[in-house]
Amino acid sequence: GNWRGKRLHDLARDLPDELGTWIGDPSASPHGGESFEAAMRRVGTWLNALRHDRDIVAITHAPIVRAAVAQA
């Protein structure tokens with residue numbers, strides 16, 4: 001979305017209401033990107049499709065790691 005590459009500190013200063021909405025509502029996407037709820041569905045689909053008889057390495061960013069942990 002529009003926040004790609006921006007620091008939370010800067011968003012909190014520049015867009016406090018939008019950031020608060022995004023943090024407080026998993027279905028919100030005030031940044032024009034994927035909501036956390038949508039990311040959870042996408043990550044859940046990916047996790048369910050994995051073969052669990054081998055090690056898996058995924059390189060991603062913090063919100064996707066949180067989604068994977070929540071799915072687990």
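Author: Arg41 counts as exposed, at 52% relative accessibility (exposed means over 50% relative accessible area, buried under 20%, and partly exposed in between, with a 1.4 Å probe and protein chains only). Arg41 lies in helix H3, where helices are DSSP runs of H or I with at least four residues, strands are runs of E with at least two, and both are numbered from the N terminus. From the C-alpha of Arg41 to that of Ala68 is 9.8 Å in space, although 27 residues separate them in sequence.

Before going further, a word on how to read this: the model is predicted, so local features need pLDDT of at least 70 and side-chain atom pairs count only at pLDDT 80 or more, while totals for chains, interfaces and linings use all residues. Residues are numbered from 1 along each chain as its sequence is written, and side-chain values use heavy atoms, with hydrogens and water left out.

pLDDT is the predictor's confidence in each residue, from 0 to 100. The protein averages 92, and 100% of the residues score at least 70. Confidence is lowest in H4, with a mean of 89, and highest in helix H1 (residues 8-14), at 95.

Now to the pairing of H3 with H4. Two packed helices are described by the angle between their axes and the distance between the axes. Here the axes of H3 and helix H4 (residues 62-71) come within 9 Å and cross at roughly 65 degrees; such axes are lines fitted to C-alpha atoms, for helices over the stretch in contact, with angles from 0 to 180 degrees between N-to-C directions. The crossing of H3 and H4 is right-handed, a label for a near helix turned clockwise from the far one by less than a right angle, with anticlockwise giving left-handed.

On the H3 side, the contact (heavy atoms within 4.5 Å) is made by Phe36, Ala39, Met40, Arg42, Val43, Gly44 and Leu47. H4 answers with Pro63, Ile64, Arg66, Ala67, Ala68, Ala70 and Gln71. By type, these residues divide into 10 nonpolar, two polar and two charged; Ala, Val, Leu, Ile, Met, Phe, Trp, Tyr, Cys and Pro count as nonpolar, Asp, Glu, Lys and Arg as charged, and the others, Gly among them, as polar.

The largest nonpolar core is made of Ala39, Met40, Val43, Ile64 and Ala67, five residues. A nonpolar core is a set of buried Ala, Val, Leu, Ile, Met, Phe, Trp, Tyr and Cys residues joined through side-chain atoms within 4.5 Å. H3 and H4 are the elements that give two or more residues to this core, and H3 gives the most, with three. Ala39, one of the core residues, touches Glu34, Ile64 and Ala67, leaving aside residues up to four places away in sequence.

His31 is buried, at 7% relative accessible area. With residues up to four places away in sequence set aside, His31 touches Gly1, Asn2, Trp3 and Trp22.
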